[in-house]
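Here's a chain to look at together. Have a look first, then we'll go through some questions.

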Amino acid sequence: LLSAILTMRTWDDITSDDMSRLQGKYSDGESEMLKSYARKYFKEIVGLLTNVPSEMLLLLKTNDCLRHLDRKLGAPINTAT
């Protein structure tokens with residue numbers, strides 16, 4: 001679950017042998033799927049984040065903000081990799 005949260009990818013993408021599934025933008029369909037997973041696993045996500053140290057939450061939020069900036073500026077996703 002934490003891997004999916006960090007990468008904003010489905011579990012199938014994370015566990016796939018095809019690493020290219022973790023790169024680039026995702027389609028509107030994948031975006032909708034992620035939203036439905038977030039609704040479906042909301043309680044589990046909240047439970048997980050409740051146990052995460054506040055410093056780690058700050059890093060997660062910073063990562064989210066940087067990802068948003070990359071998208072808005074038209075930069076490729078995961079530019080550090």
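**Contacts, helices and surface**

Of the contacts (heavy atoms within 4.5 Å) in the chain with a separation of 6 or more, 44% come from residues 24 or more positions apart. This is a predicted model, where local features need pLDDT of at least 70, side-chain atom pairs count only at pLDDT 80 or more, and totals for chains, interfaces and linings use all residues. Residues are numbered from 1 along each chain as its sequence is written, and side-chain values use heavy atoms, with hydrogens and water left out.

Q: Which pattern does the chain follow along the sequence?
A: Helices (H or I, at least four residues) and strands (E, at least two) are DSSP runs, numbered from the N terminus. The chain has five helices and zero strands. Read in order, that gives α-α-α-α-α.

Q: Are α3 and α4 roughly parallel or roughly perpendicular?
A: Helix α3 (residues 28-40) packs on helix α4 (residues 42-50) with axes 4 Å apart, at an angle of about 70°. Axes are lines fitted to C-alpha atoms, for helices over the stretch in contact, and angles run from 0 to 180 degrees between N-to-C directions. Angles under 35 degrees count as roughly parallel, over 145 as roughly antiparallel, 65 to 115 as roughly perpendicular and the rest as oblique. The pair is therefore roughly perpendicular.

Q: Which residues of α4 meet α3?
A: On the α3 side, the residues are A38, R39 and K40. Their partners in α4 are F42, E44 and I45.

Q: Which residue follows α5?
A: Its phi is positive, near 80°. The residue after α5 is G74.
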